[in-house]
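Q: Hey, I'm new to this one. Can you walk me through it?

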Amino acid sequence: MTEVFVVSDNIISPLGHTSAENFEQLKQSVSAVKRHDKKTFLSTAFYASLFDENCFSNADTHGYTKFEQLLIASIENALQNSDIVVSDKKTILIISSTKGNIGLLNASEYSDELRNRISLNTSAEKIAKHFNFINKPIVVCNACISGSLAMITASRLIRSGIYENAVVAGADVITEFILSGFQSFQALSDGMCRPFDVKRNGINLGEAAAGIVLSSNKKYEGNIRLTGGSVSNDANHISGPSRTGDALHVVIDKAIREAGIASNAIDFISAHGTATLYNDEMEAAAITLSGLEYVPVNSLKAYFGHTLGASGILESVISIHSMQQNIILPSLGFEDNGVSAPVNVCSELLHQPLNHFLKTASGFGGCNAAVVFSK
């Protein structure tokens, strides 16, 4: 099977504008999640990871929205650290997001022009034109597995031989529309989120962009590889995850088999870990069904918040750097196990040899994804 190598990566978040900056902050247990009192977003105070208002402009003179500027900055940094030629017909751009420019609905009356501007396809085409990609970009929008699914899509396209290189980037910005939606589900935490903890009571949201460049070119064969990936849908409920974890368990097993390793070769798991009651319970059940309950697990949501369409890429990039440095980051906010399955949630910084990690994700509508990365 054609191997897929990680060429370069980037993270832009309130913690930093490069992957290295973000990773160093996490090693110091620094969180970007803070209390905000923005009446234009929500009538009550909320906890989230947000960029400073002067960091990115919503009305950039070049005609790009904050969402698009984030993606451009992340892609630009990732490309600077690679020698990939974007104008090559063997290179594809894949964009992941859950809501994109949905915040524009608050700024203008609805019209055909606004509908086109909000379209994720419009953003993807503008970004592709900015960098001079010659292939039509691909958009992946499938709830909170969007970033993970975008990477799996890229690996499949590369393995098929259609493309040699893929630039994958995901982003979301927090708006009144998004906050009010999660509030209507009573899913927002009234403090810092606590994934898998007995006192968890909801999520924190976050703004970020993340990019990863993948290639099958043999000159990168000393790099980290994306070795396996799978997706499923449990069709349980429009918003509630499966109670059994069966569908996530299936994709975990498939991703590990595709990676060509045994389940006991997984050194740590970067979980979705939203800190909602049902997601963490389902994810713990799936991990246990897969025989991985002894494997160290962490969630990065208390550092970055839930970054939606960026989360799968962002958390994979952090975990890639973890594997490179043989460090497992603790799950910030975790103290006492609050799920019924006996999962091994990491509560302190661990140093040990790392060769393979598993990234899991789940989202509204019952979608699930699992990705394996290997040295």
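What follows is a chat about a predicted model.

Q: Let's begin with the inside. How many residues are in the largest nonpolar core?
A: That core holds 52 residues. Val 168, Ile 212, Ile 318 and Phe 373 have the most contacts inside it.

Q: Which helix gives the most to this core?
A: Helix α5, residues 146-159, with seven residues.

Q: OK, charged residues now. Where is Glu 283 found?
A: In helix α8, which covers residues 277-289.

Q: What's the nearest side chain of opposite charge to Glu 283?
A: Lys 359, which is 5.9 Å away. Glu 283 is buried and has no salt bridge; the cut-off for one is 4 Å.

Q: Then what does the side chain of Glu 283 reach?
A: The backbone nitrogen of Gly 273, at 2.9 Å. Leaving out neighbours within four places in sequence, the contacts of Glu 283 include Phe 196, Leu 248, His 272 and Thr 360, and Gly 273 is on that list too.

Q: What about Asp 234, buried or exposed?
A: Asp 234 is buried, and it has no salt bridge. Its nearest side chain of opposite charge is Arg 243, 10 Å away.

Q: Where is the place of Asp 234, and what is it in contact with?
A: Asp 234 is in the loop between β9 (225-233) and α7 (246-258).

Q: Switching to strands. What order do the three strands of the open sheet come in?
A: The order is β2-β3-β7, with mixed pairing. The edge strands, each pairing on one side only, are β2 (34-36) and β7 (205-206).

Q: In what sense do β3 and β7 pair?
A: Parallel, over two bridges, with β3 covering residues 46-49. Ala 48 has Leu 205 in β7 as its bridge partner.

Q: And Leu 50, where is that?
A: Leu 50 is in the loop between β3 and α2 (66-80). Leu 50 counts as buried because its relative accessibility is 8%, and the cut-off for buried is under 20%.

Q: What is Leu 50 in contact with?
A: Neighbours within four places in sequence aside, Leu 50 is in contact with Pro 14, His 36, Lys 38, Phe 41, Ile 174 and Glu 207.

Q: Last topic, backbone angles. What is the phi of Asn 132?
A: It's positive, about 70°, although Asn 132 is not a glycine. In general, most residues other than glycine have a negative phi. Asn 132 is in the loop between α4 (120-131) and β5 (138-140), and it counts as exposed because its relative accessibility is 52%.

Q: And what about the phi of Ala 275?
A: Near 80°, also a positive value in a residue other than glycine. Ala 275 is in the loop between β10 (268-270) and α8.

Q: Is Ala 275 buried or exposed?
A: Buried, since its relative accessible area is 0%.

Technical notes:
Residues are numbered from 1 along each chain as its sequence is written. Side-chain values use heavy atoms; hydrogens and water are left out. Helices (H or I, at least four residues) and strands (E, at least two) are DSSP runs, numbered from the N terminus. Buried means under 20% relative accessible area, exposed over 50%, partly exposed in between (1.4 Å probe, protein chains only). Lys and Arg count as positive and Asp and Glu as negative; His and the chain ends are not counted. A polar contact is a pair of N or O atoms within 3.5 Å; within protein, one must be able to donate a hydrogen and the other to accept it, and residues adjacent in sequence count only if both atoms are side-chain atoms. Contact means heavy atoms within 4.5 Å. A nonpolar core is a set of buried Ala, Val, Leu, Ile, Met, Phe, Trp, Tyr and Cys residues joined through side-chain atoms within 4.5 Å. Two strands pair if DSSP finds at least two bridges between them.
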